[in-house]
Amino acid sequence: MKKLAVFAIIVLIFGTISPSLVDRAYGQSDPSILLRIAVQADKQIVNQLDRVYGDQIPNNLQILYDKGHRAVYSLDESLPNDIEKAKQDFLLAMNSFMQISRTISQSSEKVVVVTVSDKSNRHLTSEIDRLEKYVKTLEKISKKYNTNVESDFIKIYDLIQELRIQINDGYGTYDDVINEIKIILDSVKNDIRESAIKQKSDFIKRFFDRLLNQVDKILTHAQDNDVDQIQIDKAHALILEIRELLSKNQINDAKVVFAELKGFMEKIGYPIRIT
Amino acid sequence: MYSFIEPTQSNQSLGDDGILFVRNEGIFDTMVKTSLLLASMIIAAALIPIQSSFSSPRDLDLIIYPDGSTHISTEIDVDPFVTDYELNLFGSTIDNLVVVGDNEFLLDTDIIHDSVLIQTFGSSIISIEYDIHDLVSKQGKLWTFSLDSPSNFTLLLPQNSAIVGMTNLPINMEIINDQNKLTLPSGKTEIDYLFSNTISNPIPDTETETNYFSYAIIGGVIVIVLIGAVIIIRTKQKNLKPVNHNPIIEKNNILDIETIFKLKPDLREDDKELVKFIFNNGGKALESELRKKFLQPRTTMWRAVKRLEREGVIEIEKKDLQNLVKLRKNMEEEE
């Protein structure tokens, strides 16, 4: 028995720590990536220092660079045998290079911190790439529901093409076109949602049915605990209303009433919890 | 501390028939307690993955666009018996949010500050995609990506970007459409990167490294064949009379120093000195030799060498972890 217990404990301990072991092993699968990243960063920093300071590199940056550069050499020597040392060297090198690049960017002429959400700093190509990715996601979803939105997508792709041409030409009514795309997309989303709800209505009804049966049980329990009968009746009335709406396939309305029921149950101290 | 089972030998309690008796006091307790302990540990161990499987991302993939906006796609296991699920987003400036449940069922969402309330309708897995503008900041020419991730994640950096600093060890790296894709561990991560036209990006792929082994085998075979050929040729040459001829040195293939300077009239004077030294050294020299000769610090010499490489005057080779600087042979053709 004792042996069994010890065995079980060992198995459990191993089972608990094994995921982290797997992660670590994965991290070490190709440690040469550390060297590749560090060498690339080293070259970039040399270019930056050359471009910004020429032959007159400030002493603090020179010291930092030498520290980082030595770490890259040490990293090269540590691989592939001493992985732990290589990791330390990598972090030391990248930290030194990070400090250098941040110091350079702070001391450069353009010391303006720009948040990328700043509209004046917009990058139209990125904006269109993101929009196109969004359109493709919606198109993929729409195909699942046999919606009649194919022509809408054709129109959207035409507009995206038009936008790209405008950007290449360097002028155009970008915002107008983007707004037009967004309006069509909103309409497409509504169509998809409606179609999805129709196809999924049975599933949703079953889901609500399961929930409402549970709420009934909670209310019985609340009644046993002397909760005011008026409140119990009100909850039952809401349940009835939801069932009626579901029978008429008015899913969205049922959801609204369910949200009301949920809030009400929380208010009387019997929140809906299904586990 | 005491043991529940005590060996009877210690108490000299062998029976008359020589049968070994074991004191049975505490055996029941021992068995029950051990079983309970075991059972509770098994239950605890079984519950850990269930608890952690809900609300924790299965996958988390990030794509950074050139303007610093980031596309996030993630899959999350959720409790199928709840109507709503609240997910913390990585910021508050959200665009193009799409959430789908089981069977690509489009789910309704409400964004409240930096979280989203999703009506899951009993879905057990939800896929979320959105664009966010809060993860990357820019100062001067330096871009900084920051994220405190609940799980491991992948990060696709923009084209022509080069990492110049990072706070975490990457788990993996690969190349996707000429872009670096990093796999990073959970926790806080900061990555600094720059855009440059001169970047020799992307960083060579892992596959290139892994192929080295096969290249080494092929190379080894070629070397053995060559050595064999050399031995055969030398054996044959021993029977021939030695012929006087001027040794062909590599320098013959290299342009003379005046031609190099004519082709590159804009070279700096100190760089010309370097070129002269390399030329007189048989057309090649180690970077460390150059440093010793010209008494220059490592960085200054590195930059000078890089300058000459950019000018197309020299090429750099790795030799025993050192940089071997060689004058280029085909300069004239390029000009």
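This is a predicted model: local features need pLDDT of at least 70, side-chain atom pairs count only at pLDDT 80 or more; totals for chains, interfaces and linings use all residues.
1. Among the elements of chain B, strand β10 (residues 153–156) has the highest mean pLDDT, 93, while helix α2 (residues 206–210) has the lowest, 42.

2. Across residues 1–22 of chain B the pLDDT stays under 50, and the model has 15 contacts beyond four places in sequence for them. Residues 240–252 of chain B also have pLDDT below 50, and that stretch has 5 contacts in the model beyond near neighbours in sequence.

3. As for the complex, the predictor gives an ipTM of 0.71 and a pTM of 0.60.

4. Over in chain A, have a look at helix α8 (residues 229–247) and helix α9 (residues 251–267). Their axes come within 9 Å and cross at roughly 165°. Angles over 145 degrees count as roughly antiparallel, and α8(A) and α9(A) are therefore roughly antiparallel to each other. The crossing of α8(A) past α9(A) is left-handed.

5. Which residues make that helix pair meet? On the α8(A) side they include Leu238(A), Ile242(A) and Leu245(A), and on the α9(A) side Val257(A), Leu261(A) and Phe264(A) are among them. By class, the contact has 12 nonpolar and 4 charged residues, and no polar ones. Lys234(A) and Glu241(A) in α8(A), and Asp253(A) and Glu260(A) in α9(A), are also part of the meeting.

6. Back in chain B, there is an open sheet of 3 strands in the order β3-β6-β5, with antiparallel pairing. Its edge strands are β3 (84–88) and β5 (109–112) of chain B, each pairing on one side only. On average, neighbouring strands of this sheet are turned by 20° against each other, direction ignored. Between β3(B) and β6(B) (residues 115–119) there are 5 bridges, and Asn88(B) stands opposite Ser115(B) in β6(B).

7. Then there's the hairpin of β8(B) and β9(B). Strand β8 (residues 136–139) of chain B runs antiparallel to strand β9 (residues 142–149) of chain B, joined by 4 bridges. Gln139(B) is opposite Leu142(B) in β9(B). The hairpin has 2 residues between the strands, and Gly140(B) takes a positive phi near 60°.

8. What else does β9(B) join? Strand β14 (residues 187–195) of chain B: 7 bridges link the two, which run antiparallel. To find the pairing on screen, look for Thr144(B), whose bridge partner in β14(B) is Asp192(B).

Methods
Residues are numbered from 1 along each chain as its sequence is written. Chains are lettered from A and ligands numbered from 1 in the order in which they are written. pLDDT is the predictor's confidence in each residue, from 0 to 100. Two residues are in contact if their C-beta atoms, placed from the backbone, lie within 7 Å. Axes are lines fitted to C-alpha atoms, for helices over the stretch in contact, and angles run from 0 to 180 degrees between N-to-C directions. Angles under 35 degrees count as roughly parallel, over 145 as roughly antiparallel, 65 to 115 as roughly perpendicular and the rest as oblique. A crossing is left-handed if the near helix is turned anticlockwise from the far one by less than a right angle, and right-handed if clockwise. Ala, Val, Leu, Ile, Met, Phe, Trp, Tyr, Cys and Pro count as nonpolar, Asp, Glu, Lys and Arg as charged, and the others, Gly among them, as polar. Two strands pair if DSSP finds at least two bridges between them.
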